[in-house]
Amino acid sequence: MNPKWNGQFSRYDLVARSGENTRSVVRVRDIEIGGSEFVVMAGPCAVESEQQLLQTAEHVAEAGARILRGGAYKPRSSPYAFQGLGVHGLKILKKAREQTGLAIVTEVMCKEDVEVIAEFADIMQVGTRSMENYSLLEALGECGRPVLLKRGMSATLEDLLRSAQVIASAGNPQIILCERGIRTFETATRNTLDIAAVPVLKAVSHLPVIVDPSHAAGVRSLVPILARAAAVVDADGLLVEVHPHPEQALSDGEQSLTFGEFRDMMDDLQPYLALRERTVQSRPRLLAVVGAD
Ligand code: PEP
Ligand code: MN
């Protein structure tokens, strides 16, 4: 173990990697996140209508996604922006699951909404703005669903693991970490994808780690190439925004892929997933290189 990391992370004992617990798998329906499969979660930023979501669900499922994303409760920076369809959006997500068999991941922003969202969702997403909403994290300890915990846009990896520890100590060990880009001085991209976060988190924690290239990039042209990087660094999957007509999207259209672009991205990933396969075989050695053992 890198001595710098040792004291820094090991105090979050429920989520830290240890001799007995090197890797945990989060099971969602028939899907294993953190196992050998690279699990792709895709869909629109926000659920806008039944037609938009069902169409997207069909296309992403056909292209190989296993989990459908879509916000029904949206954390918008402006009070005038579309705030999401709420319970109506949750019902549309449920219908999409029934029609396609995809599992559902959707965002929860406050503890008051945990119960209703847990009725519909397979995975509860905590967004970057909520990573330090401790009353929400505590409530998620008892929600009975896995939690997808996004890294705060100004959070260190230690901050992220501290939040994961809050959820775990409140009773829920089923946590997936998500690197979605952080704020830096760079403005050419919406955020800066911290690709090193993936191997570091995997070295110090047993939790699965996925990458969201959409919110990191902020522009769709960069999403497929960042997805390649995620595969090669042995991330456990992706969270990607896809929209039938990105130019008409009510949120995050600039970074959303069209159906065709998503299919091309999935095809393009194949050789990188083959490389990842090799990485999976050599995980113990690679983790030793980055300092875990
Ligand atoms: C989202 O997934 O649409 C979202 C709001 O993400 P983030 O919290 O990473 O900004
Ligand atoms: Mn979004």
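This report walks through the metal site, the ligand pocket and a handful of individual residues in the structure above. Bear in mind that the model is predicted.

**The manganese site**

Let's start with the metal. The manganese ion (ligand 2) takes its protein donors from four residues: Cys-45 through SG, His-215 through NE2, Glu-241 through OE and Asp-252 through OD. These donors lie 2.1 to 2.4 Å from the ion. Written as a sequence pattern, the donor residues are spaced C-x169-H-x25-E-x10-D. One pair in that set links distant parts of the chain: His-215 belongs to helix 8 (residues 213–217), while Glu-241 belongs to strand 10 (residues 237–241), 26 residues apart.

**A closer look at Asp-252**

Asp-252 is worth a moment of its own. It sits in the loop between strand 10 and helix 10 (259–281). Besides being a donor to the manganese ion, Asp-252 makes side-chain contacts within the protein. Its side chain has a polar contact of 3.0 Å with the side chain of His-215, which is itself a manganese donor. Another polar contact, 3.2 Å, joins the side chains of Asp-252 and Gln-255.

Arg-29 is another non-glycine residue with a positive phi, in this case near 50 degrees. You'll find Arg-29 in the loop between strand 1 (26–28) and strand 2 (31–33).

**Ligand 1 and its pocket**

Where does ligand 1 sit? The space it takes is the largest pocket. The residues around ligand 1 are Cys-45, Arg-69, Lys-74, Glu-107, Gln-125, Gly-127, Thr-128, Arg-129, Lys-150, Arg-180, His-215 and Glu-241.

For Lys-74, a polar side-chain atom lies 3.1 Å from an oxygen atom of ligand 1. For Gln-125, the corresponding distance is 3.0 Å. For Lys-150, an N or O atom in the side chain is 2.7 Å from an oxygen atom of the ligand. As for overall cover, ligand 1 has 300 Å² of accessible area on its own, and the protein covers 97% of that.

**Helix 7**

Next, a helix with a lot of cover. Helix 7 (residues 197–204) is mostly covered, with seven of its eight residues buried. Those buried residues are Ala-197, Val-198, Val-200, Leu-201, Lys-202, Ala-203 and Val-204. As background, an α-helix has 3.6 residues a turn, so residues three or four places apart point the same way.

**Pairs across the chain**

Finally, here are some residue pairs, with their separation along the chain and their C-alpha to C-alpha distance.

| Pair | Apart in sequence | C-alpha distance |
|---|---|---|
| Ile-33 and Ile-176 | 143 residues | 7.9 Å |
| Pro-224 and Glu-261 | 37 residues | 8.5 Å |
| Gln-174 and Gly-144 | 30 residues | 9.0 Å |
| Arg-76 and Ser-154 | 78 residues | 17 Å |

Ile-33 is in strand 2 and, at 0% relative accessibility, counts as buried. Pro-224 is found in helix 9 (residues 223–232), and its relative accessible area of 23% makes it partly exposed. Gln-174 is placed in the loop between helix 6 (157–169) and strand 8 (175–179); it is partly exposed as well, with a relative accessible area of 26%. Arg-76 lies in the loop between strand 4 (67–69) and helix 3 (87–100), and at 28% relative accessibility it counts as partly exposed.

Conventions:
Residues are numbered from 1 along each chain as its sequence is written. Chains are lettered from A and ligands numbered from 1 in the order in which they are written. This is a predicted model: local features need pLDDT of at least 70, side-chain atom pairs count only at pLDDT 80 or more; totals for chains, interfaces and linings use all residues. Side-chain values use heavy atoms; hydrogens and water are left out. Donors are N, O and S atoms within 2.8 Å of the metal (3.2 Å for Na, K and Ca); water is not among the atoms, so sites may look incomplete. Helices (H or I, at least four residues) and strands (E, at least two) are DSSP runs, numbered from the N terminus. A residue is near a molecule or strand if one of its heavy atoms lies within 4 Å of it. A polar contact is a pair of N or O atoms within 3.5 Å; within protein, one must be able to donate a hydrogen and the other to accept it, and residues adjacent in sequence count only if both atoms are side-chain atoms. Accessible areas come from the Shrake-Rupley method with a 1.4 Å probe; for residues, only the protein chains shown count as cover. On a 1 Å grid over the protein atoms alone, a cavity is a set of points where a 1.4 Å probe fits but cannot get out, and a pocket is an open set with protein on both sides within 12 Å along at least five of seven lines; lining residues have an atom within 4 Å of a point. A molecule sits in a cavity or pocket if more than half of its atoms lie within 2 Å of its grid points. Buried means under 20% relative accessible area, exposed over 50%, partly exposed in between (1.4 Å probe, protein chains only).
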